[in-house]
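Visitor: I have a model open here and would like to go through it with you before I set anything up. Could you take my questions as they come?

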Amino acid sequence: MYAIIDIGGKQYRVEKGDIIDIERQDKKEGQNLILDKVLLVAGDNNIQIGQPNVSGAKVSAEVVKNLKGRKVISYKYRRRKSSHTKRGHRQLLTRIRVDDIILA
């Protein structure tokens, strides 16, 4: 069984036991997280598609770690102006482990 969830404007396909990195959540390591924006749930021969969300479906997950993503470099260069700008950015992330997909 898998589900497609919406977190922070991004969509993820998750199954039980998956570990994914999502946008930073306000939870500490070891706490549980309930994700209720479930767009699709598919089992063996059963598919439920939400409009926009599947009613009564939730994904239970545990916060594994709060971390920073890899550095992304933004470089702006203007020719013949002796002007250039270099900036780096590291996104704040939360690593979660999917415990269960709940259908009501």
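Visitor: Let me start with a proline: where is P52 found?
Guide: P52 is found in the loop between β6 and β7, and please keep in mind throughout that this is a predicted model.

Visitor: What is the peptide bond from Q51 to P52, cis or trans?
Guide: That bond, running from Q51 to P52, is cis, and its omega is near 0°. As background, most peptide bonds are trans.

Visitor: OK, on to the sheets. What is the strand order in the one that has β6?
Guide: The order is β2-β1-β5-β6, an open sheet of four strands with antiparallel pairing. Its edge strands are β2, covering 10–15, and β6, covering 47–49, and each of these pairs on one side only. From one strand to the next, the twist averages 15°.

Visitor: Which residue in β7 is the bridge partner of L33?
Guide: The partner of L33 in β7 is A61, and the pairing of β4 with strand β7 (residues 58–68) is antiparallel, over four bridges.

Visitor: Switching to side chains: is V14 buried or exposed?
Guide: V14, which is found in strand β2, has 0% relative accessibility and therefore counts as buried. If neighbours within four places in sequence are left aside, the contacts of V14 are Y2, A3, I5, I20, V98 and I101.

Visitor: How far is V14 from R80 in space?
Guide: The C-alpha to C-alpha distance is 49 Å, for a separation of 66 residues in sequence. R80 has its place in the loop between β8 (72–78) and β9 (83–89), and at 70% relative accessibility R80 counts as exposed.

Visitor: What is phi of R80 near?
Guide: Phi of R80 is near 60°, a positive value in a residue other than glycine. In general, most residues other than glycine have a negative phi.

Visitor: And what is phi of S82 near?
Guide: Phi of S82 is near 50°, also positive and also in a residue other than glycine. S82 is placed in the loop between β8 and β9, and its 76% relative accessibility makes S82 count as exposed.

How values were computed:
Residues are numbered from 1 along each chain as its sequence is written. This is a predicted model: local features need pLDDT of at least 70, side-chain atom pairs count only at pLDDT 80 or more; totals for chains, interfaces and linings use all residues. Side-chain values use heavy atoms; hydrogens and water are left out. Two strands pair if DSSP finds at least two bridges between them. Helices (H or I, at least four residues) and strands (E, at least two) are DSSP runs, numbered from the N terminus. Axes are lines fitted to C-alpha atoms, for helices over the stretch in contact, and angles run from 0 to 180 degrees between N-to-C directions. Buried means under 20% relative accessible area, exposed over 50%, partly exposed in between (1.4 Å probe, protein chains only). Contact means heavy atoms within 4.5 Å.
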